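Hello,

Here is the structure I promised to pass on to you. Have a look at it first, and then read on for my notes.

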Amino acid sequence: MTMLQTRLTEALGCRYPIVQTAMGWVADANLVIATTRAGGFGFLAGATIPADALEGEIQKVVAATGGSRFGLNFHMFQDNAAQCVDLAIKYRLRAVSYGRGPDKATIRRFKDAGVLCIPTVGALKHALKAVELGADMITIQGGEGGGHTGGVPTTILLPQVLDAVTVPVIAAGGYSTGRGLASALAAGAEGIAMGTRFLMTSDSPTPRATLERYLAVRDTQQIRVTLAVDGMRHRMIDNPFIRRLEQASPMGRLWIALKSARTWQAQTGMSSAHMLRTFLKAIKEDPSALSQVVMAANQPVLLERSMVDGMPDEGILPSGQVAAAIDSLPSCQELIEQIAGEAEQCLQRLNTRLQQAGTPVNEQQRAHA
């Protein structure tokens, strides 16, 4: 499919310009293996893979796919950020992705090792800063995307960034079909990145009870942005836990945060007495600020409740708006082949129309270049 060969497929070594994003507790080795075998490009979710298991997950993908044509996502504020950097370089992974990214020195280490840096941004100014720091590609995520997201729709953000940078741009936020891929390529993007659509596949490790909640969504109004978890924009499926958090007073929100942190409490060694002292101290200080800190630290556990334990009403359900348009759980192979085939048909129709008008797509592209 020559129409689907882009700078992204050339640089990442994948068959199709389709990227599977690094969703916490979802993007494990098995999902990345399935994505890679199907011709896409997958990122491991390094933020939720335990430090002592991370290298094993990388080795598992390498062994199953016969190479390192996949990526690792991480955040510099992770306790094991240095480990993520070292492992990506050690195994010569094709790429790393991140939000709040590494400094120039770390990016230089990646470049020297041949590891591509592909940050995700939600605003034009962040895209410009990422390029300044040395990004090789940029994933732009419009406000339709799931999890932490900006407020600019993909249809506005993508043209802005394409006009402002020369590095390849990957479009994310609202994509799940071949029509979407074709539209992104026609606009000038080098491919698309999808999170929610890959979460909703038969290769996803997400428990069935949680997947059923995603499948049950039929209205985009059920997938909304909240600030209640950590004070930042967070798009997720509405559920009783989020409603309870939003309706609570500052003290009530802190108490919910502390009660929901039982697993986190065990992991950090915080005693019940310490939790109670923290609660009482907040009465004299700022309970709303403290609850945000506790909830932010506790986010991996809140995700784990829904994405691992299968308790969708007791955790958070990050989701792009596109979940409301999805009603099936295909394999990664079926999904990617369907998207690629539909995109090819769309682009062929576009090419035919332009030829009839006297301007074939390839000539138009050369003129633009």
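Phe 74, Tyr 98 and Phe 110 come together in one aromatic cluster. For ring pairs, I took the rings of Phe, Tyr and Trp (for Trp, its six-membered ring) as paired if their centres lie within 6.5 Å, calling planes under 30 degrees apart stacked, over 60 edge-to-face and the rest tilted. With that rule, a search of the whole structure gives three aromatic pairs. Phe 41 and Phe 43 are both buried, where buried means under 20% relative accessible area, exposed over 50% and partly exposed in between (1.4 Å probe, protein chains only). Another pair, Phe 74 with Phe 110, is tilted, at 6.2 Å centre to centre and 50 degrees between the planes. This pair links distant parts of the chain: Phe 74 sits in the loop between β3 and α4 (81–90), while Phe 110 belongs to helix α5 (residues 104–112), 36 residues apart. Phe 74 counts as buried because its relative accessibility is 0%, and Phe 110 is buried for its value of 0%.

Before I go further, a word on conventions. This is a predicted model, in which local features need pLDDT of at least 70 and side-chain atom pairs count only at pLDDT 80 or more, while totals for chains, interfaces and linings use all residues. Residues are numbered from 1 along each chain as its sequence is written, and side-chain values use heavy atoms, with hydrogens and water left out.

Now for the overall picture. The chain has 17 helices and eleven strands; these are DSSP runs numbered from the N terminus, with helices being H or I of at least four residues and strands E of at least two. Of its 369 residues, 52% are buried. The accessible surface is about 16300 Å², and carbon and sulfur atoms hold 51% of that (Shrake-Rupley method with a 1.4 Å probe; for residues, only the protein chains shown count as cover). Taking a contact as heavy atoms within 4.5 Å, 61% of the contacts with a separation of 6 or more are between residues 24 or more positions apart.

Asn 73 deserves a look on your screen. Asn 73 lies in strand β3 (residues 71–73) and is buried, because its relative accessible area is 10%. Leaving out residues up to four places away in sequence, Asn 73 touches Ala 22, Phe 43, Leu 44, Ala 45, Gly 46, Ala 47, Ser 97 and Tyr 98. The C-alpha atoms of Asn 73 and Leu 44 are 5.9 Å apart, although 29 residues separate the two along the chain. The side chains of Asn 73 and Ser 97 are joined by a polar contact of 2.9 Å. By polar contact I mean a pair of N or O atoms within 3.5 Å; within protein, one must be able to donate a hydrogen and the other to accept it, and residues adjacent in sequence count only if both atoms are side-chain atoms.

Next, Thr 48 and Trp 25. Thr 48 is in the loop between β2 (41–45) and α3 (51–65), and is buried because its relative accessibility is 11%. Its side chain reaches the backbone nitrogen of Trp 25 at 2.9 Å. Trp 25 is itself in a loop, between β1 (18–20) and α2 (29–37), and is partly exposed at 22% relative accessibility. Most residues other than glycine have a negative phi. Arg 92, also not a glycine, has a positive phi of about 50 degrees; Arg 92 lies in the loop between α4 and β4 (95–98).

Finally, helix α16 (residues 332–356). Its 25 residues reach 36 Å from first C-alpha to last, close to the 36 Å expected at 1.5 Å a residue (the expected span is 1.5 Å times one less than the number of residues). Buried residues in α16 include Leu 335, Ile 339, Ala 343 and Leu 347. Just after α16, Gly 358 takes a positive phi of about 95 degrees.

Best wishes
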